[in-house]
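Biologist: I'd like to walk through this protein with you, one question at a time. Can you show me the sequence and the structure before we start?

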Amino acid sequence: MSLARFCRKTVAVILPEQSVAEAAQRMRDQHVGALVVVQDDLRPVGVLTDRDIVTRLVAERRDATAVAISDVMSRAPVVMRVEDTLDQTLFAFRKQGVRRLPIVDGQGRVAGLVSLDDLLVLLSAELDQTAAAVRENQGP
């Protein structure tokens, strides 16, 4: 199974020169905990999470309206390709120790975002369906 199924909803993106205050507002308005930071051509250059804002800005008592996203984002994110498999993605999560990975298309532009939580929901649903099928097949 490829990551194409995670590219169906709109990804929350933002430019690196925008302020952290703008990022926080976008996170609130779009009900997300992370933004993919992109260049004008939608190529990812970073990821900004709510945790980044807390640990790199709030905890240091910096002014969110005066600090650019590029100053607090996690740079050079590991990205997955649309055609990558769930196995490859799980390996990337484990190797990188992150909770979210941007997904890019063939031109390297953001096409989606997959979170560890997304995969946990998917895998638990698959296991539940498999268990139900086994329960129903109580033949000889």
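Biologist: Which residues does isoleucine 69 touch, not counting residues up to four places away in sequence?

Modeller: Keep in mind that this is a predicted model. With residues up to four places away left out, part of the list for isoleucine 69 is Ile14, Leu15, Pro16, Gln18, Ser19 and Val20.

Biologist: Okay, and which residues have the most contacts inside the largest nonpolar core?

Modeller: That core has 14 residues. α1 (20-30), β2 (34-38) and α2 (50-58) are the elements that give two or more residues to it. Inside the core, the residues with the most contacts are Leu48 and Ile69.

Biologist: Which element gives the largest share of this core?

Modeller: General idea to start with: nonpolar side chains in soluble globular proteins tend to be buried together. In this core, a share of three residues is the largest, and it comes from α1.

Biologist: How many residues are in the other core, the one that lies apart from it?

Modeller: Some names to look for there are Met80, Phe93, Leu119 and Leu122, which are among its residues. The size of this other core is 10 residues.

Biologist: Back to the loops. Is glutamine 18 buried or exposed?

Modeller: You'll find glutamine 18 in the loop between β1 (13-14) and α1. Leaving out residues up to four places away in sequence, glutamine 18 touches Arg26, Val67, Ala68 and Ile69. Buried means under 20% relative accessible area. Glutamine 18 has 16% relative accessibility, so it counts as buried.

Biologist: And threonine 65, buried or exposed?

Modeller: Threonine 65 is in the loop between α2 and β4 (74-75). Leaving aside neighbours within four places in sequence, it is in contact with Ser19 and Ala21. The cut-off for exposed is over 50%. The relative accessible area of threonine 65 is 57%, so the word for this residue is exposed.

Biologist: What separates the C-alpha atoms of threonine 65 and alanine 23?

Modeller: Along the chain, these two are 42 residues apart.

Biologist: Now helices. At what angle do α1 and α2 pack?

Modeller: Two packed helices are described by the angle between their axes and the distance between the axes. For α1 and α2, the axes are 11 Å apart, and the angle is about 145°.

Biologist: Which residues make that contact, and how do they divide by class?

Modeller: On the α1 side you have Val20, Ala24 and Met27, and on the α2 side Asp50, Ile53 and Leu57. By class, that gives five nonpolar, no polar and one charged.

Biologist: What about α3 and α4: which word describes how α3 lies to α4?

Modeller: The axes of helix α3 (residues 86-96) and helix α4 (residues 116-136) come within 11 Å and cross at roughly 135°. Angles over 145 degrees count as roughly antiparallel, and 65 to 115 as roughly perpendicular. The crossing angle of roughly 135° therefore makes α3, relative to α4, oblique.

Biologist: Which residues in α4 do Leu86, Thr89, Leu90 and Phe93 in α3 meet?

Modeller: By class, this contact has seven nonpolar, one polar and no charged residues. The partners in α4 are Leu116, Leu119, Leu122 and Leu123.

Biologist: Last one: how many helices and strands does the protein chain have?

Modeller: Reading along the sequence, the pattern is β-α-β-β-α-β-β-α-β-β-α. That comes to four helices and seven strands.

Terms used: Residues are numbered from 1 along each chain as its sequence is written. This is a predicted model: local features need pLDDT of at least 70, side-chain atom pairs count only at pLDDT 80 or more; totals for chains, interfaces and linings use all residues. Side-chain values use heavy atoms; hydrogens and water are left out. A nonpolar core is a set of buried Ala, Val, Leu, Ile, Met, Phe, Trp, Tyr and Cys residues joined through side-chain atoms within 4.5 Å. Buried means under 20% relative accessible area, exposed over 50%, partly exposed in between (1.4 Å probe, protein chains only). Contact means heavy atoms within 4.5 Å. Axes are lines fitted to C-alpha atoms, for helices over the stretch in contact, and angles run from 0 to 180 degrees between N-to-C directions. Angles under 35 degrees count as roughly parallel, over 145 as roughly antiparallel, 65 to 115 as roughly perpendicular and the rest as oblique. Ala, Val, Leu, Ile, Met, Phe, Trp, Tyr, Cys and Pro count as nonpolar, Asp, Glu, Lys and Arg as charged, and the others, Gly among them, as polar.
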